[in-house]
Amino acid sequence: MSDAERMLLLVEAVSDYAIYMLDLDGFVSTWNKGAEQLEGYRPNEIVGQHFSRFFTPEDQAAGLPHRILQETRETGRFESEGWRVRKDGSRFWATSVAQAIRDSAGELIGFAKITRDMTERRAAHEALAESERRFRLLVNGVIDYAIYMIDPSGVITNWNAGAERIKGYASREIVGQHFSRFYVKEDRAAGLPARALDLARRSGRYEAEGWRLRKDGSRFWASVTIDAVRDDDGELIGFAKITRDITERQRAQDALRESERQFRLLVNGVTDYALYMLDPNGIITNWNVGAERIKGYMADEVLGQHFSRFYTEADRAAGLPARMLHLAEREGRAEAEGWRVRKDGGLFWAHVIIDAVHDEQGGLIGFAKITRDISERREAQKALQETQTQLARAQKMEALGQLTGGVAHDFNNLLMIVSGHARIVKKLLAGDPKGLRAAEAIELAAKRGESLTRQLLTFSRRQSLNPVVVSLDETIEAIRTMLASSIGTAARLVTAVPPVVWPVEVDLNELELALVNLVVNARDAGSRDGVISISAENVHLRPEDTAERLEGDFVAVTVADTGCGIPEDILARVFDPFFTTKQTDKGTGLGLSQVHGFAHQSGGTVVIASQVGRGTRVTLFLPRVDALPLRAEREEEMPAMTGGSVLLVEDNPEVAEATASLLEELGYRVTAAGGADAALKALDEGVFDLVFSDIVMAGPTDGLALARSIRARHPALPILLATGYSQAAAEGAHDFVVLRKPYQLSDLSRAVAAVLARAQQGEPPPNLVSIRDARRSRARKDHPSSE
């Protein structure tokens with residue numbers, strides 16, 4: 001450890017001295033524990049502040065801080081004693097040393113300041129000085145008092161050293177003179193000297209304060225005592241007169257009164273803090289303007305009242321006011337935050353400090369109480385915390401979405417292989433019932449996997465949607481029977497969706513799946529004879545209403561149950577994929593994940609509220625659309641077209657093999673290409689009726705870029721794309737028909753037939769659109785008012 005480090009540790013460990021550094025302009029740059037203990041400021045409160053704040057207002061007005069820096073610059077050191085001010089406004093008598101600090105080149109770089117609290121020592125010094133003064137009076141004669149004798153007529157008969165010092169006269173100059181010469185002209189004219197002697201003669205003693213004159217004509221403020229002196233027979237033989245020059249004390253008292261006046265003005269001028277005093281029992285004894293503004297009470301309404309009236313009923317019942325006073329009395333200080341009550345009954349969040357106030361003997365004389373309204377700061381902190389929580393939640397959900405989306409894409413390819421080869425196995429085992437059952441089991445498992453993948457893609461918002469404008473009252477009524485059958489006899493289903501609910505644009509399949517997931521969850525959480533309700537209403541959202549800060553008109557679709565409810569520690573995780581509280585064989589943990597993804601991919605959000613023992617409410621907020629709902633129409637069957645040559649572009653050999661078998665089953669001749677380069681080469685060497693390509697492929701050219709290249713070279717050649725990844729599907733759907741993986745033979749047949757039929761009808765290839773867009777276009781032609 002270096003000497004500099006040891007010195008820093010030493011300075012930091014000193015607690016009886018405030019040791020800190022100032023820069024050249026007097027701003028605090030370092031702060032030790034002793035300074036914090038003595039001055040009351042923490043380092044983060046004082047570093048960067050000017051050191052003049054430690055001086056009294058009168059010293060600041062007199063320019064003392066500036067003079068200290070100036071003289072320290074010139075002489076290198078400045079010592080002083082005087083009153084200094086702590087953070088809480090209290091004063092202490094300090095001895096201070098300021099030392100100039102110079103670098104190795106002799107350049108002044110700042111000042112070292114050392115301050116020590118000498119309040120107790122000063123009091124001790126004053127007591128000692130008084131003792132010494134008395135001793136000098138007894139032993140060496142009084143020099144601080146003018147003590148002399150006058151005869152009954154007021155003529156001076158003796159004179160002590162103190163009188164000579166105070167009055168300025170030598171004994172030989174004043175003895176034999178009348179004492180009235182020490183009075184000012186106006187007092188002599190008023191007959192004050194004679195009255196003073198008369199009062200002392202009659203009552204035995206006279207005391208007064210007033211201006212007196214010295215030999216040189218200057219005035220001083222004197223404390224005067226005249227005692228009648230009588231002989232053993234009681235006859236007046238003269239007077240003992242004691243005069244003390246108390247000019248400095250008078251000035252100090254005047255300064256103290258002025259300081260107290262300024263302090264009162266300061267306290268009463270503070271409007272951001274309620275500053276007031278309590279007696280030891282908690283009774284309010286004074287009241288500033290800030291207290292009036294914050295609490296709402298005028299001074300005459302609250303003085304003499306107990307401060308507990310500012311606490312809430314619950315805090316008073318819990319004894320909090322008494323505990324705060326007890327803590328302040330025991331520890332010297334009590335600090336807390338909490339709700340407080342204004343005169344009008346309104347609540348505000350307060351930061352409160354109570355300091356015990358003691359007299360010189362250490363006796364408790366009351367408490368100083370400071371209250372600040374920090375409601376706005378608290379709300380800002382809460383808003384910041386909520387925003388941080390929401391951001392963390394959004395980032396978590398986005399990360400999970402990216403993960404599940406990628407997994408779902410890869411899983412779709414696996415399902416294509418499984419389902420495709422299952423069909424091949426079924427053909428090969430046509431005469432083997434046991435083998436057929438095994439193949440069908442494989443197909444069923446693949447379909448279940450497809451359902452799980454669909455929910456994963458919905459959660460990650462990568463599901464390819466078919467949004468249509470629907471009327472929720474008609475839609476929910478149409479699936480009510482199916483939803484009721486999902487519940488069975490476990491609960492009673494109630495729906496309340498009025499016709500006035502606004503239209504929304506959603507994927508009907510995803511909406512139905514979301515409602516089924518919510519209803520099944522409600523069923524599993526409820527008890528027998530419970531109620532599950534589905535309701536919808538029009539709402540207008542403000543940014544502060546939802547974590548996503550949505551704004552505008554929405555339809556709130558709520559599924560509520562009267563079940564067991566969800567504990568608060570679990571509630572925050574219910575939308576996470578694969579999270580479930582059900583038994584292993586009772587759920588996948590993807591139901592609410594699908595609901596979450598569907599709501600957000602539809603442009604809305606979902607919120608959940610629950611009370612243990614009372615039930616759960618899940619609300620989907622779906623954005624309002626201005627278009628009218630489209631009536632349901634029967635999907636036209638495309639005539640199956642067989643024969644022809646298909647160029648299949650797929651970089652996964654297993655997927656290519658499964659797809660080729662499906663195309664061959666439809667009657668097409670298949671040529672496989674493992675990538676874009678091979679496909680372009682095949683097109684240059686042969687003639688094909690259709691190109692069927694995967695979108696996501698390894699290499700610099702994906703399926704979408706390949707399709708655009710083929711369209712540029714062969715404008716009339718039909719192109720069909722496939723993908724298990726929704727983002728790629730969304731990009732390709734603007735220009736091409738896109739088939740979503742995994743698909744069945746019927747899906748492939750319809751898509752191929754649609755593309756070939758369109759080409760045979762002579763539709764220009766640039767106008768090719770997805771099947772979804774074609775359906776919506778036909779629907780709009782039938783309903784022009786919905787545009």
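## Contacts, rings, cores and strands

Analyst: Leaving out residues up to four places away in sequence, Asp373 touches Ile294, Arg342, Phe348 and Trp349, where contact means heavy atoms within 4.5 Å. The model is a predicted one, in which local features need pLDDT of at least 70 and side-chain atom pairs pLDDT 80 or more, while totals for chains, interfaces and linings use all residues. Residues are numbered from 1 along each chain as its sequence is written, and side-chain values use heavy atoms, without hydrogens or water.

User: Where is the place of Asp373, and why does Asp373 count as buried, partly exposed or exposed?

Analyst: Helices (H or I, at least four residues) and strands (E, at least two) are DSSP runs numbered from the N terminus. Asp373 belongs to strand E12, residues 364-373. For accessibility, buried means under 20% relative accessible area, exposed over 50%, and partly exposed in between, with a 1.4 Å probe and protein chains only. Asp373 has a relative accessible area of 28%, so the residue is partly exposed. In space, the C-alpha atoms of Asp373 and Ile294 are 7.0 Å apart, although 79 residues separate the two in sequence.

User: Which side chain does a polar contact of 2.6 Å join to that of Asp373?

Analyst: A polar contact is a pair of N or O atoms within 3.5 Å; within protein, one must be able to donate a hydrogen and the other to accept it, and residues adjacent in sequence count only if both atoms are side-chain atoms. The 2.6 Å contact of Asp373 is with the side chain of Arg342. The side chain of Asp373 also has a polar contact of 2.7 Å with that of Ser375.

User: With which residues is Glu337 in contact, leaving aside its neighbours within four places in sequence?

Analyst: They are Trp349, Ala350, His351, Ile374 and Arg377. Glu337 lies in strand E10, residues 333-341, and counts as partly exposed because its relative accessibility is 42%. Its side chain forms polar contacts of 3.1 Å with Trp349 and 3.5 Å with Arg377. Trp349 also takes part in another feature: the charged end of Arg378 sits over its ring, 3.8 Å from the centre. The criterion is that NZ of Lys or CZ of Arg lies within 6 Å of the ring centre and within 35 degrees of the ring normal.

User: How many aromatic pairs does the structure hold?

Analyst: Rings of Phe, Tyr and Trp (its six-membered ring) pair if their centres lie within 6.5 Å; planes under 30 degrees apart count as stacked, over 60 as edge-to-face and the rest as tilted. The structure holds 18 such pairs. In one of them, Trp83 and Trp93 have ring centres 5.1 Å apart and planes at 85 degrees, so the pair is edge-to-face. Trp83 lies in strand E2 (residues 77-85) and Trp93 in strand E3 (residues 91-102), so the pair ties together parts 10 residues apart in sequence. Trp83 is partly exposed at 32% relative accessibility, whereas Trp93 is buried at 15%. For Tyr276 and Trp287, the centres are 4.9 Å apart and the planes stand at 45 degrees, so this pair is tilted. Tyr20, Trp31, Tyr41 and Phe54 form one aromatic cluster.

User: Which residues touch the most other members of the largest nonpolar core?

Analyst: A nonpolar core is a set of buried Ala, Val, Leu, Ile, Met, Phe, Trp, Tyr and Cys residues joined through side-chain atoms within 4.5 Å. The largest has 38 residues, and Leu472, Leu483, Leu515, Val555, Val557 and Leu620 touch the most other members. Helix H20 (residues 508-525) supplies the largest share of this core, 7 residues. A second, separate core of 24 residues includes Ile150, Phe179, Ala200 and Ala222.

User: How many bridges join strand E1 to strand E4?

Analyst: Two strands pair if DSSP finds at least two bridges between them. E1 (residues 18-22) and E4 (residues 108-117) run antiparallel and are joined by 5 bridges. E3 and E4 also pair in the antiparallel sense, over 9 bridges. Phe111 of E4 is the bridge partner of Leu22 and also of Ala100. E3 and E4 form a hairpin with 5 residues between them, and Gly106 in the turn has a positive phi of about 85 degrees.
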